[in-house]
There are 2 protein chains.
Amino acid sequence: MASAFLRKLVSAGESRNALPAEDRDLVLSVCDDVRPCGARRDIISEGDRPDYVHLMIEGWSCRYKILPDGSRQITAFLVPGDFCDVHVTLFDQMDHNIGALSDSRVAFISRARMSRLMERPRIARALWWSGLVDEAVLRSWIVNLGRRDAFERVGHLICEMHARLRNVGLAQDGAFTMPLTQEELGDATGLTPVHVNRTLRRLREEQLATFNRQRIFIPDVGILREAVSFDPNYLHLPSQV
Amino acid sequence: MASAFLRKLVSAGESRNALPAEDRDLVLSVCDDVRPCGARRDIISEGDRPDYVHLMIEGWSCRYKILPDGSRQITAFLVPGDFCDVHVTLFDQMDHNIGALSDSRVAFISRARMSRLMERPRIARALWWSGLVDEAVLRSWIVNLGRRDAFERVGHLICEMHARLRNVGLAQDGAFTMPLTQEELGDATGLTPVHVNRTLRRLREEQLATFNRQRIFIPDVGILREAVSFDPNYLHLPSQV
DNA sequence: CGGAAGATTGAGAGTTCTCAATGCCTGTGG
DNA sequence: CCACAGGCATTGAGAACTCTCAATCTTCCG
């Protein structure tokens with residue numbers, strides 16, 4: 001049920017040993033309130049002061065902001081094992097939205113339970129760690145948007161999601177499910193859907209990656225990474241492969 | 001000496017009362033190892049495993065990454081009161097660089113002292129809070145780069161730095177010192193220096209802001225904010241003005 | 001005074017966007 | 001089982017924004 005989350009906890013930090021059984025049990029018991037969220041529905045909206053912390057169990061969601069002119073910028077993708085809002089507990093209100101991209105299942109964790117979770121040093125440390133990774137991902141997106149062209153941006157995003165999903169057991173060697181439309185891809189990469197389409201065509205033509213019916217195929221991960229200059233070090237993953 | 005830092009601590013959080021005297025004294029004593037850093041010198045480099053946490057006391061620095069083609073992307077500006085690397089203590093190594101932009105003074109804080117600081121609930125909470133703000137700023141930069149044109153990007157950055165500097169007492173009503181070249185502005189906004197120049201000209205012609213010899217003047221902050229759709233809520237500042 | 005870094009401007013090239021049309025796939029209703 | 005509607009993907013063509021290259025000007029400093 002919360003297996004992606006467990007995998008993520010284990011991979012976060014230098015000591016890559018399995019979690020103590022009691023930690024494991026606590027995690028599982030704390031994730032017993034799982035609720036479905038339909039695609040395109042908001043999990044949390046700007047201005048909310050949520051009572052629960054939300055953890056992705058299944059499906060993808062995203063952080064996003066809507067601009068005055070109606071355009072949207074996605075600032076992060078959240079996949080199983082990712083927390084939506086550990087941080088916001090401190091703020092008076094959310095300063096951005098989180099919306100489900102596909103039909104998802106989300107664990108609702110009360111503050112009390114969250115505190116109990118944070119009392120375990122191993123878990124607290126792993127959560128702290130993955131918060132830092134989230135921040136590193138934000139920086140890498142800034143680099144992407146600021147200094148790379150459409151081709152590298154889209155390729156880079158594909159590489160990142162592949163690496164992150166592998167880490168929680170949701171990607172095979174060079175294939176994974178990406179439940180996004182080309183428009184959503186554009187909202188994340190700062191491109192128009194039309195240009196995303198042309199970019200995906202180029203990736204396909206150069207046999208670097210294909211995107212068809214929500215499935216990504218990467219013939220050779222090493223070659224794609226090379227082509228778009230993707231270096232996974234910022235994700236601070238175990239194997240770095 | 002660490003007055004910007006103190007101001008920032010006070011402003012971070014809902015309770016905007018002055019810091020208890022003992023907290024104040026601790027902060028001051030912990031910031032007694034202040035070292036100069038010349039402009040354009042790195043404070044910390046990618047791959048480092050720093051022994052100290054670094055706190056900006058005077059001057060500006062920036063986080064940045066160099067890409068394979070030699071271009072640079074700045075992912076954050078650090079001004080007095082900002083920590084450079086609270087977070088990295090957990091990671092094995094820095095995944096980006098921090099470089100001084102102007103002649104600066106930086107406090108070196110050992111891990112032991114840092115722990116002592118974090119034992120004070122009020123301070124720990126304020127640091128946690130400002131870490132969250134840093135993250136919100138990263139998201140806002142992503143929105144900036146992804147969905148705004150050059151004019152809004154530069155204007156938005158000016159508004160942000162103005163608000164942040166006001167918060168620590170380093171900006172007047174509509175004026176502050178910004179020790180950047182147009183090239184550095186471009187590295188932060190994802191533009192070329194040439195285009196930054198044209199953009200600044202437009203801001204000047206429309207009487208929204210001028211940038212001359214490292215001084216920014218904003219005739220009317222409200223009008224500028226309106227023109228570039230800047231909403232300071234993501235900074236979670238006290239007055240929001 | 002001379003040199004170097006940074007700012008400014010012009011002109012042409014390139015990437016990405018906008019607008020618009022067409023094609024494809026899926027689910028629904030007859 | 002088929003027709004149709006709606007959402008999404010795909011393609012074309014011209015416009016817009018930003019970049020590149022290159023020259024000139026200004027400021028700062030030894």
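Hi everyone, let me start with a charge and a ring: the charged end of A:Arg72 sits over the ring of A:Tyr64, 5.4 Å from its centre. By "sits over" I mean that NZ of Lys or CZ of Arg is within 6 Å of the ring centre and within 35 degrees of the ring normal. Chain B gives another example, with the charged end of B:Arg35 over the ring of B:Tyr52, 5.3 Å from its centre.

A word on the ground rules. This is a predicted model, where local features need pLDDT of at least 70, side-chain atom pairs count only at pLDDT 80 or more, and totals for chains, interfaces and linings use all residues. Residues are numbered from 1 along each chain as its sequence is written, chains are lettered from A and ligands numbered from 1 in the order in which they are written, and side-chain values use heavy atoms, leaving out hydrogens and water.

Now, how do the chains relate? Chain B superposes on chain A by a rotation of 180 degrees with 0.0 Å of shift along the axis, RMSD 0.0 Å, fitting by least squares the C-alpha atoms of residues with pLDDT of at least 70 in both. That is the relation of a two-fold axis. The same surface serves both copies, as 100% of the contact residues of chain B recur in chain A; contact means heavy atoms within 4.5 Å.

On to the aromatic rings. Searching the whole structure finds 13 aromatic pairs over all chains, counting rings of Phe, Tyr and Trp (its six-membered ring) with centres within 6.5 Å; planes under 30 degrees apart are stacked, over 60 edge-to-face and the rest tilted. The rings of A:Trp128 and B:Trp128 are stacked, because their centres are 5.7 Å apart and their planes are at 20 degrees. This pair crosses between chains, from helix H4 (residues 121–147) of chain A to helix H4 of chain B. Helices here are DSSP runs (H or I, at least four residues), and strands (E, at least two), numbered from the N terminus.

Are these tryptophans buried, exposed or in between? A:Trp128 is partly exposed at 36% relative accessibility, and B:Trp128 is too, at 37%. Buried means under 20% relative accessible area and exposed over 50%, with partly exposed in between (1.4 Å probe, protein chains only).

Next, B:Phe230 and B:Tyr234 have ring centres 6.1 Å apart and planes at 75 degrees, so they are edge-to-face. Both B:Phe230 and B:Tyr234 are buried.

Finally, back in chain A, one aromatic cluster is formed by A:Trp60, A:Phe77 and A:Trp141.
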